[in-house]
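The following note sets out numbered remarks for a colleague reviewing the model shown here. Please read each point alongside the coordinates.

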Amino acid sequence: MKSWKEIEFLPGAFESLRRLANTSYLIIVISNQSAINRGLVTSSTVDDIHSHMRKAIERHGGRIDGFFYCPHRPDERCDCRKPKPGLLLLAAQHFSLDLHQCYLVGDAATDLAAARAVGCHPILVLTGRGRESLPLVKNSQDNQTMVVDDISAAADWILSRRH
Ligand SMILES: [Zn+2]
């Protein structure tokens, strides 16, 4: 992700975020942005992209309560680059969240591994890199991950589990 022009909202994304926004769930974006420490993009550009994303989502009735990202390269061996759960722990601390009551929707095996590491419910969407990630999930010891077609189905599942 190096510029706002590269961002593409998939079909159903705005509508799903709007439905989730109508609940008491906090909606948090957690990403690896190693382009920062590779010197390809500045953190202020990433912040600017996030600001554009937030506004576009808000125009469609949604909300984003927080963005957390890891700027490090893999060789820096930080604790926050997924599959490490550092950013989930940081978000949990920041918002006083019980991660066992949270869901993580992602398209990469590393997303799901981060979720599993801290007891957060993992959901794999088969959009983006999701189809490539599916064999990795199936081959791992992972029997916790919920696999769904897309973000709309992920939202359906989350909303169906609310009491
Ligand atoms: Zn990091």
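1. Arg77 is found in the loop between β2 and α3; helices (H or I, at least four residues) and strands (E, at least two) are DSSP runs, numbered from the N terminus. Although not a glycine, Arg77 has a positive phi of about 50°. With 9 C-beta neighbours inside 10 Å, Arg77 counts as exposed; a residue is buried if 20 or more other C-beta atoms lie within 10 Å of its own, exposed if 12 or fewer, and partly exposed in between, with C-beta atoms placed from the backbone. The loop between β2 and α3 also holds Pro83, and the peptide bond from Lys82 to Pro83 is cis, with omega near 20°.

2. The model is a predicted one, in which local features need pLDDT of at least 70 and side-chain atom pairs count only at pLDDT 80 or more, while totals for chains, interfaces and linings use all residues. Residues are numbered from 1 along each chain as its sequence is written.

3. Ser96, in the loop between α3 and β3, is likewise not a glycine and has a positive phi of about 55°. Ser96 is exposed, with 7 other C-beta atoms within 10 Å. As background, most residues other than glycine have a negative phi, and most peptide bonds are trans.

4. Strands β1 (residues 28–32) and β2 (residues 66–70) pair in the parallel sense over five bridges, where two strands pair if DSSP finds at least two bridges between them. Within this pairing, Ile30 stands opposite Phe68 in β2. Together with helix α2 (residues 43–59), β1 and β2 make a right-handed β-α-β unit; a crossover is right-handed if, with the strands pointing away from the viewer, the path from the first strand over the helix to the second runs clockwise.

5. An open sheet is formed by three strands in the order β3-β4-β5, with parallel pairing. Its edge strands, β3 (103–106) and β5 (146–148), each pair on one side only. Neighbouring strands of this sheet are turned by 25° against each other on average, direction ignored; axes are lines fitted to C-alpha atoms, for helices over the stretch in contact, and angles run from 0 to 180 degrees between N-to-C directions. Strand β4 (residues 121–125) pairs with β5 over three bridges, and the bridge partner of Ile123 in β5 is Met146.

6. Helix α4 (residues 109–117) packs on the sheet and touches β3 and β4, its direction making about 170° with that of β4. Contact requires C-beta atoms, placed from the backbone, to lie within 7 Å. The buried residues of α4 include Ala109, Asp111 and Leu112, and the buried residues of this helix pack against α3, β3, β4 and α5 (130–139). After α4 comes Gly119, whose phi is positive, near 75°.

7. Which residues touch the most other members of the largest nonpolar core? Of its 27 residues, these are Leu87, Leu88, Leu104, Val105, Ile123, Val125 and Ala154; such a core is a set of buried Ala, Val, Leu, Ile, Met, Phe, Trp, Tyr and Cys residues joined through C-beta atoms within 7 Å. Among the elements that give two or more residues to this core are α1 (13–21), α3 (86–95) and α6 (151–160). Helix α4 gives the most, with five residues. Leu87 touches Ile30, Phe68, Cys70 and Cys80, not counting residues up to four places away in sequence.

Methods
Contact = placed C-beta atoms within 7 Å.
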